[in-house]
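Please look over the fold below before reading on. The report then goes from the whole chain to single residues.

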Amino acid sequence: MRERVADLGYALGWRVAGSAPAPWVGAAFRAGADLAARRGGAGPRQLRANLARVLARDGVPPPGPVLDAAVRDGLRSYARYWTEAFRLSRVDPLARYAAADRSITGTGHLDDALAPGRGVIIGLTHSGNWDVAGTWLVEALRRRGEPASLTTVAERLRPESVYRRFLDYREALGFEVLPAQAGARTIATLAARLRANRVVCLLADRELGAGGVEVDLFGEPATLPGGPAQLARHTGAALLPFGGWFTPGGWGLRFRPPVPVPAPGRGERAGAAVRATTQALADVFAADIAEHPVDWHMLQPVWTADRARAGLGVPSRVAR
């Protein structure tokens, strides 16, 4: 029953919110966010714990009223993401590109990374509207004469109908979407795309499985996926962090310089290289999140202590 209700909710979102007047949809989603903030369910409680770390100063969390406001604004930001997601595929691709192009910075880093011909891995956080960034990238690649597509990985959601809805949505935006659960087959496909000088976009601020790499994030051990670093090491592709946030009339979108990727190695040396690269990525993520904390839509455990309490596993000392 829970899965059927979830499927119905998403179906109504794309059908009703996608066609109703934008001010009405925005007001309804904002009211829903405020209600969620007052009720304080599992997601808002985890968001509160996450933002407490981000907003802490010298290890001291912010006062309660400050944190209350941050959680409310964070849920409003998340609601805005969904408001836009349910409507984005209905917007003309060239209009989407033009709107995002006015906001994006650091594109020279992308040009430089593509020049050697070894592909680019873009590491993102769940911040702002990453789908808008993707639609900009698809059109930008087309204008460069590159294949007008990017490849990404998605968690296979339940029920299957919800996963299919997300798959259809992102494919309509020009994304190639691979299932995270396919394991070695997905990794092989990603490597092949990079060797063809394609762009791979990976959300890299939350480990979906029981492994991951332990890094320092805002002064406390956190668990991030090691996949982007491993893929960069094995293919020679550049690893570019990317930050996104909302502005009153649009978005902030920014490519960062590539993080260092040590040469391939074995055993302990390989594990140390993956940890070093993942830590460098985490440092850039932390800087971007600190600039726009309420636009980081992280309602799941990221820090190792929270993951352990939730039974999600603790990363091994050596990541291969």
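## Basis of the model

This is a predicted model: local features need pLDDT of at least 70, side-chain atom pairs count only at pLDDT 80 or more, and totals for chains, interfaces and linings use all residues. Residues are numbered from 1 along each chain as its sequence is written, and side-chain values use heavy atoms, with hydrogens and water left out.

## Overall fold

The chain holds twelve helices and nine strands. Both are DSSP runs, numbered from the N terminus: helices are H or I with at least four residues, strands are E with at least two.

Of the 320 residues, 50% are buried. Buried means under 20% relative accessible area, exposed means over 50%, and partly exposed lies in between, using a 1.4 Å probe and protein chains only. The accessible surface of the chain is about 14,900 Å², by the Shrake-Rupley method with a 1.4 Å probe. Carbon and sulfur atoms account for 56% of that surface.

Contact means heavy atoms within 4.5 Å. Take the contacts between residues at least 6 apart in sequence: 78% of them join residues at least 24 apart.

## The seven-stranded sheet

Seven strands form an open sheet with mixed pairing. Their order is β1-β9-β8-β2-β5-β3-β4. Two strands pair if DSSP finds at least two bridges between them. The edge strands, β1 (104-105) and β4 (175-179), each pair on one side only.

Strand β2 (residues 120-124) runs parallel to strand β8 (residues 238-247), and five bridges join them. Gly-123 stands opposite Pro-241 in β8. Helix α4 (residues 64-88) lies across β8 and β9 (250-255). The angle of α4 to β8 is about 100°. Axes are lines fitted to C-alpha atoms, for helices over the stretch in contact, and angles run from 0 to 180 degrees between N-to-C directions.

## The β6-β7 hairpin

Strands β6 (residues 213-217) and β7 (residues 220-224) pair in the antiparallel sense over five bridges. Asp-216 stands opposite Pro-221 in β7. The two strands form a hairpin with two residues between them.

Phe-218 sits in the turn. Its phi is near 55°, a positive value in a residue other than glycine. Most residues other than glycine have a negative phi. Phe-218 counts as partly exposed, because its relative accessibility is 27%.

## Packing of α5 on α7

How do α5 and α7 cross? The axes of helix α5 (residues 93-101) and helix α7 (residues 130-144) come within 9 Å and cross at roughly 105°. That makes α5 roughly perpendicular to α7, a class that spans 65 to 115 degrees; under 35 counts as roughly parallel, over 145 as roughly antiparallel and the rest as oblique.

From α5, Leu-94, Arg-96, Tyr-97, Ala-100 and Asp-101 make the contact. From α7 come Val-132, Thr-135, Trp-136, Glu-139, Ala-140 and Arg-143. These residues divide into six nonpolar, one polar and four charged. Nonpolar covers Ala, Val, Leu, Ile, Met, Phe, Trp, Tyr, Cys and Pro; charged covers Asp, Glu, Lys and Arg; the others, Gly among them, are polar.

## Two further residues

Asn-197 lies in the loop between α9 (184-195) and β5 (199-203). Its phi is near 60°, positive in a residue other than glycine. Is Asn-197 buried or exposed? At 14% relative accessibility, Asn-197 counts as buried.

Arg-38 belongs to helix α2 (residues 22-39). Arg-38 is exposed, with a relative accessible area of 64%. The C-alpha atoms of Arg-38 and Arg-72 are separated by 8.3 Å. Along the chain, these two residues are 34 residues apart.
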